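Take a look at the model below. The text then walks through it, starting from a single contact.

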Amino acid sequence: MYDAGHYDVIVVGAGHAGVEAAHAAVKRGAKTLMLSLNLDMVAFMPCNPSIGGPAKGVVVREIDALGGLMGKVIDKTYIQMRMLNTGKGPAVRALRAQADKPLYIQEMKYQLEQLDNLTLRQAMVEELLVEDGVIKGVVTETKAAFYAKSVIITTGTFMRGRVIIGDVSYESGPNNQRASIKLAENLESLGFEIVRFKTGTPPRVNSRSIDYSKTEIQPGDENPRHFSYETTEEISDQIPCWLTYTTEETHEIINDNLGLSAMYSGMIKGTGPRYCPSIEDKVVRFHDKPRHQIFLEPEGRETEEVYVQGFSTSLPEFVQHKMLRSIPGLEEAEIMRSGYAIEYDAVVPTQLWPTLEVKNISGLYTAGQINGTSGYEEAAGQGLMAGINAAAHALDLDTLILDRSQGYIGVLIDDLVTKGTNEPYRLLTSRAEYRLLLRHDNADLRLTKIGYDLGLISEERYQAFEAKVVAIEAEKKRLSKIVVKPSEKLNQILADIGETDLREPLKALELMRRPKVTYDVIERVLEEESPLDFEVKEQVEIQVKYEGYITKSRQQVDRMKKMENKVIPEDIDYKAISSLATEARQKLEKVRPLSMGQASRISGVNPADISILLVYIEQGQIKRLSDEDR
Amino acid sequence: MMELDTIAAISTPLGEGAIAIVRLSGDKALAIANKMYRGKDLTVVDSHTIHYGRIVEPETEEMIEEVMVSVMRGPRTFTREDVVEINCHGGLASVNRLLTLALYHGARLAEPGEFTKRAFLNGRIDLSQAEAVMDLIRAKTDKAMHVAVRQLDGKLSKFITRLRQQLIETVAHVEVNIDYPEYDDVEEMTLNLLNERITLVSEEITKLLAMARQGKILREGISTAIIGRPNVGKSSLLNALVQENKAIVTDIPGTTRDIIEEYVNVRGVPLRLVDTAGIRETEDLVEKIGVERSRQVLNEADLILLVLNNNEPLTDEDRQLLEIVQDMEVIVLINKTDLDATLDHDEVKRLIDGKPVVTTSLIEEEGIDQLEEAIADTFFTGGIESSDLSYVSNARHIQLLNQAKQSLVEATFAIESEMPLDLIQIDVTRAWELLGEIIGDTVQDSLIDQLFSQFCLGK
């Protein structure tokens, strides 16, 4: 072992969590080292070639509002962009990009290489240096010892990774990279509680072997929106995806070969995610469904590989081949890479503080799929937060914990560290109780100031942001002063959009509260073309139109904050509160919630326990006060 | 800081039960009980004994009630303090009287759940026992579900579970459209379909609430609001009811503002007169708190007594009040029949079609019997079977049902104004959560479970 250098922060892993962690740490002023098994695989997408979608897309916006990379990089490398749920309310609109996988890697790596304070190094970490519960550094396979005040582990599905295809199985990370075995063993010996999870990916086929005429085209949006608030240029030549379906024949092949599936033969021990079932799972569980959707998604511009979305499988290769060829358009399909299932070690996330610091090892952080999540966006969001907090730890700066009303990232981390997860965790909009506040359109309003205060947002961008805030308020004020009078022309405009006549004069702002009266309609009514930015107009419209609901949500948040602000003393001894139910006490001891709010979200801690805890804390305070009296 | 004063409260449900108990706890419990009680000297009797005797008025020594008194000295008591339980006949008026006497002799009215809290703070830490009484804390702080579940009628629990299932399937349907917009297997939830499903559930809740009405009455009295323009005789009505029925005044802190409530027992129907302080101070609820607030008071009231002046023609304000209350349980009083009738009685009857109208001269004490009869009629001829009396008897349950219904009403409004589904869904989910609080099940994750069991999702 030799001394290979000293840093503020070391990031182990360069996936979606790792890159954001390293970037954020550097932005906060930390001298940072990022270690990756393979530097050609920085921010590699081992599964679907897309970023965003409901809830996840909002996370990308949040990352961007906090100065992260994901949004910027995908905006430069997408092959297709679509805004989903446009027919629904503003809270659930979601942007999704199809990525050019190789280009995404290249662009991300390039961005990182530009950072002065970041060292990229290819190495396999095998051991953590921990002394008296404090992290000191890491040791690599080649016996290099790197030292740092903070270490972030973002090793994804590499920990004791095992790939399974039918009855074939071998030690491996995703995409046949080396699995991380020694580090996994090291974590175990350090006392980590580990769970075994499983996920899977479908085969990739050669585009030139697909008959697209038998499929339906799925084009991108004509006027693509973007993830990053800094993006100004759009990509004009978008590439479509294609939709086809499984057939009864496909289902027959699957049923005939179920015994060979690793999932059903008992070979896979890990728990898989329900929201990402394999095709054999779908066929078994929903056996009366005659067909399942299959999306054909290009993996990039300069590659012929196509991702067969909806077809994740761990059946033997020869069965995969047969199954694929029973699908319209894929009769001649040539597999380039087989689908596989992968099992891996994950850290039980209730072992972490909400900063993502490991409770028992000061200065050690974990982020991403290792914490039991799934998805690039979930990983990136955690990476960003771990980077921010690891740098804070190393440089003695402010830490950042987002609460459930501030962002999906807050929901994600709170869920993980408070409830844990018994399957790979994916964000869904329904996990957020305040989703109307956690919108795609207002991520900047929620988080830019925080990012700026932490040094993650440039002065220039912050000023643009402030100008936007001012413009929104000014426009709302302006519209609240303009009175619209009923007229034939106005009522014609209203009739055209299916609204009822206006009878009494009304403020323009009030008129916009009507469901179908958009900002555009107001412009028509006022016979003006507002010079304002699209995003300002959008914001004004949303804030005005949904004000009632937004207010209601805010009131809920205020109620939550009361519980959230009740701090639980760090030195609380749950054993001393014998009236707590046993399960509740065990859970509280494990999670060690920081507030009554967090405590109340732990499953197994019921309202009676919360009442008792409140009484207990109150009693402690009473005691302390009376001690002072003496 | 801990005040170890002696606390008292009625520890049985308010109403016309056979037996009611007033409980005292604290170092002065025995002394206070002794002052109210004539019989053995309670301060010297053995612990854990029960004694027959009388409760008397201070000074006059007039007997109020025959009682059985249990004496339990700490620490072998629920609170580990000295505890006295006075068992009396269950009439609301008499039990309230005992409580006020205890307060008169130096006890403090217990906060909701304070006995439990003391049990806890005094190291009496058996959760199983604490939880049974925790209901009180919970009912008031809205934090609880678990214990209430045990008190729940099994039939009701199943019924609510079924309603919740209908709601969550609907919500999951909306959610799947949101989280999996390209999933083509389910049809898009439409406003019409959503409305249909909400209406079904809403109607069921309405029925349940109707059945609950009597249960609630017996538990805590019918909340009754007296309204009318200034000088129509509201305070005379209040005084008439109170004098006739010897009201007990209770101070109930902790609400948004301290509303004085008075309980009176009218022919076996316990009335809880709300906002009587307002009437006493200003003689005018509407004037004092504005139409909006009074509307809210009215919405929360089970019974409204609307007073009109026989001696004045109907005013716009009267008409407005008549309109507000027309769908509520209301009795209209045409007061001051001792004066000339310049009010058009037929017009009043037309405006408030089908509701009882009683003519009174409160000053001459005329018509009060008819009023009391009307009150009793309103609640005992409602066609509610007596076996259903306990169907939903817990005030908390009723409150939750009302809130759930309100959420669904809001959802319906939102549907009418064509709000996006995902916003309407907020109210539907809220209704589902509120119903869940009744049966003690509010686990958020069950929506996600529903999502994945109902639909075949994923890439």
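A:Glu299 and A:Lys101 form a salt bridge in this predicted model. Their closest N and O atoms are 2.9 Å apart. Side chains of opposite charge can pair when their charged atoms come close. Between domain 1 of chain A and domain 2 of chain A, the count is 1 salt bridge. Polar contacts across that interface come to 34 residue pairs, both partners at pLDDT 80 or more. The side of domain 1 of chain A that touches domain 2 of chain A divides into 24 nonpolar, 17 polar and 17 charged residues.

Step back to the layout of chain A. Domain 1 takes residues 2-202 together with 343-453. Domain 2 covers 204-340. Domain 3 spans 464-551, and domain 4 runs over 566-619. How far apart are the centres of domain 1 of chain A and domain 2 of chain A? Taken over C-alpha atoms, the separation is 26 Å. The contact draws 58 residues from domain 1 of chain A and 51 residues from domain 2 of chain A.

Now the area. About 4,600 Å² is buried between domain 1 of chain A and domain 2 of chain A. Carbon and sulfur atoms give 54% of it. Which three residues supply more than any other three of the area that domain 1 of chain A buries against domain 2 of chain A? They are A:Ile79, A:Lys198 and A:Pro202, with 17%.

Salt bridges also occur elsewhere. Over all chains, the structure holds 56 of them. One of these joins the side chains of A:Lys149 and A:Asp8, with N to O at 3.7 Å. This pair links distant parts of the chain, 141 residues apart. A:Lys149 sits in strand β9 (residues 144-153) of chain A, and A:Asp8 in strand β1 (residues 2-12) of chain A.

Next, a hairpin. Strand β7 (residues 125-131) of chain A pairs with strand β8 (residues 134-140) of chain A. The sense is antiparallel, over 6 bridges. A:Glu131 stands opposite A:Val134 in β8(A). The hairpin has 2 residues between the strands. In it, A:Asp132 takes a positive phi near 50 degrees.

Most residues other than glycine have a negative phi, and most peptide bonds are trans. A:Leu356 is not a glycine, yet its phi is positive, at about 80 degrees. A:Leu356 belongs to the loop between β19 (340-347) and β20 (364-366) of chain A. The bond from B:Gly74 to B:Pro75 is cis, with omega near 0 degrees. B:Pro75 lies in the loop between β5 (63-72) and β6 (83-89) of chain B.

Finally, follow chain B to chain A. Where is B:Glu182? It lies in the loop between α6 (154-179) and α7 (191-220) of chain B. Leaving aside neighbours within four places in sequence, B:Glu182 is in contact with A:Arg82, A:Leu84, A:Arg96, A:Gln218, A:Gln293 and A:Phe295. With A:Arg82, the side chain of B:Glu182 makes a polar contact, side chain to side chain, at 2.8 Å.

Definitions and conventions:
Residues are numbered from 1 along each chain as its sequence is written. Chains are lettered from A and ligands numbered from 1 in the order in which they are written. This is a predicted model: local features need pLDDT of at least 70, side-chain atom pairs count only at pLDDT 80 or more; totals for chains, interfaces and linings use all residues. Side-chain values use heavy atoms; hydrogens and water are left out. Domain bounds come from an automatic or database domain assignment. Contact means heavy atoms within 4.5 Å. Buried area is the accessible area (1.4 Å probe) that two parts lose on being put together, summed over both. A salt bridge is a side-chain nitrogen of Lys or Arg within 4 Å of a carboxyl oxygen of Asp or Glu. A polar contact is a pair of N or O atoms within 3.5 Å; within protein, one must be able to donate a hydrogen and the other to accept it, and residues adjacent in sequence count only if both atoms are side-chain atoms. Ala, Val, Leu, Ile, Met, Phe, Trp, Tyr, Cys and Pro count as nonpolar, Asp, Glu, Lys and Arg as charged, and the others, Gly among them, as polar. Two strands pair if DSSP finds at least two bridges between them. Helices (H or I, at least four residues) and strands (E, at least two) are DSSP runs, numbered from the N terminus.
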